[in-house]
Amino acid sequence: MTPPDAPHNRWSDLDRPPLNGTALRRGLLRPDALWTSLEVVESTGSTNTDLAGQARGGAAVEGTVLVAEEQTAGRGRLERTWTAPPRSGLFFSVYLEPGDIPVERWGWVPLLAGVAAATGLAKSAGVDMSLKWPNDLLVAVQGEERKTGGILGEFAGDGIVVGLGINVSLRADELPAPTAGSLALAGAVSTDRETLLRAVLRSLEDWYGRWRAADGDAAASGLQAAYAAGCATLDRTVRAELPGGTSLVGEAVAIDGDGRLVLSTEDGLQQPVSAGDIVHLRGAAGGLT
């Protein structure tokens, strides 16, 4: 990891100023808060890889936050890469240890992060956000659904590392794919990354606290209902591309108690999907996504 070089970078791109780690720590690290440490680095391969390594080595405690101004080997689901220009987005990972929660409920943590990110960004950026199951953040750009963020969770040490990548100020000619978007292109009222990061982390702290207080019960904590309410995948015909090369087509009708997407297939069966790549076929504006 390369530490930030504030004197050099502060003026190198006035449209994309660097994050102020001291100010972020001042606002987020409190004696009664979830967040216990926050580090901002200039560049690294992947914040998830780095933080997972710290967790496995016993160097991370619950509430550790690692933020990078640039990721050179960012990872998404299914080992996809995630790249963006320096300081054009939020690229960070957090380490959580829900040790008193039954481990079979830990699968809700990445979904929880999606709800928290969508909630925090909607308030701070003034952009309507939605979720594509399992962990994509969507915005509308000129009436089309576009992916502006993704979430990746992985077990490490005694807990789970959750990484988030969010496109904030990417311009149209910087997008990695036609299906990608950014908060700026969606008409955000603010693209101040410190404001957005604080909002997401505070929202994540709130939702994580609710979930833990309910012993990881997604229904009792309100998490299951909140995810379903913000999920753009529900009530649409989708194709689930499953591990092993098979696929399943059906109407997405529910998010069950285990966080799985339930599909109603042509033969009338209710089929839960726990892992896979989802393609939206029809049912809402935006076409194929």
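**Ground rules**

I worked with a predicted model, in which local features need pLDDT of at least 70 and side-chain atom pairs count only at pLDDT 80 or more, while totals for chains, interfaces and linings use all residues. Residues are numbered from 1 along each chain as its sequence is written, and side-chain values use heavy atoms, with hydrogens and water left out.

**Confidence**

I began with pLDDT, the predictor's confidence in each residue, from 0 to 100. I noted a mean of 92 for the chain, with 90% of its residues at 70 or more.

Two strands pair if DSSP finds at least two bridges between them. I found an open sheet of seven strands in the order S1-S2-S5-S9-S8-S7-S6, with mixed pairing. Strand S1 (37–41) and strand S6 (130–132) stand at the edges with a single partner strand each, so one side of each is left without a neighbour in the sheet. From one strand to the next, the twist averages 20 degrees.

I looked at one pairing in detail: S1 and strand S2 (residues 64–68) run parallel and are joined by five bridges. Leucine 38 has valine 65 as its bridge partner in S2.

I also recorded that helix H4 (residues 108–125) lies across strand S5 (89–96), S6, strand S7 (136–141), strand S8 (144–156) and strand S9 (159–167), and that it runs at about 35 degrees to S9. Axes are lines fitted to C-alpha atoms, for helices over the stretch in contact, and angles run from 0 to 180 degrees between N-to-C directions.

**Salt bridges**

I counted a salt bridge where a side-chain nitrogen of Lys or Arg is within 4 Å of a carboxyl oxygen of Asp or Glu. The structure holds 18 salt bridges.

Arginine 87 and glutamate 42 meet through their side chains at 3.6 Å, N to O. The pair links distant parts of the chain, 45 residues apart, with arginine 87 in the loop between strand S4 (81–82) and S5 and glutamate 42 in the loop between S1 and helix H3 (47–56). I noted both arginine 87 and glutamate 42 as buried.

Glutamate 154 and arginine 56 form another salt bridge, at 3.8 Å, N to O. Glutamate 154 lies in strand S8 and arginine 56 in helix H3, so the pair ties together parts that are 98 residues apart in sequence. Are these two residues buried or exposed? Glutamate 154 is buried because its relative accessible area is 17%, whereas arginine 56 counts as exposed because its value is 54%.

I also looked up arginine 212 and aspartate 100, whose side chains meet in a salt bridge at 2.4 Å, N to O. Arginine 212 is in helix H5 (residues 193–213) and aspartate 100 in the loop between S5 and H4, 112 residues apart. Finally, I found Arg16, Arg171 and Glu174 linked in a network of salt bridges.

**Nonpolar cores**

A nonpolar core is a set of buried Ala, Val, Leu, Ile, Met, Phe, Trp, Tyr and Cys residues joined through side-chain atoms within 4.5 Å. The largest has 62 residues, and among those touching the most other members are Trp35, Phe92 and Trp211. H4 gives the largest share of this core, 11 residues. Beyond four places in sequence, tryptophan 35 has contacts that include Leu28, Val65, Val94 and Leu201. A second, separate core of seven residues includes Ala55, Ala60, Tyr95 and Val161.

**Glutamate 97**

My last entry concerns glutamate 97, in the loop between S5 and H4. Glutamate 97 is partly exposed because its relative accessible area is 27%. Not counting residues up to four places away in sequence, glutamate 97 touches Glu62, Asp158, Gly159, Tyr208 and Arg212.

Terms used
Helices (H or I, at least four residues) and strands (E, at least two) are DSSP runs, numbered from the N terminus. Contact means heavy atoms within 4.5 Å. Buried means under 20% relative accessible area, exposed over 50%, partly exposed in between (1.4 Å probe, protein chains only).
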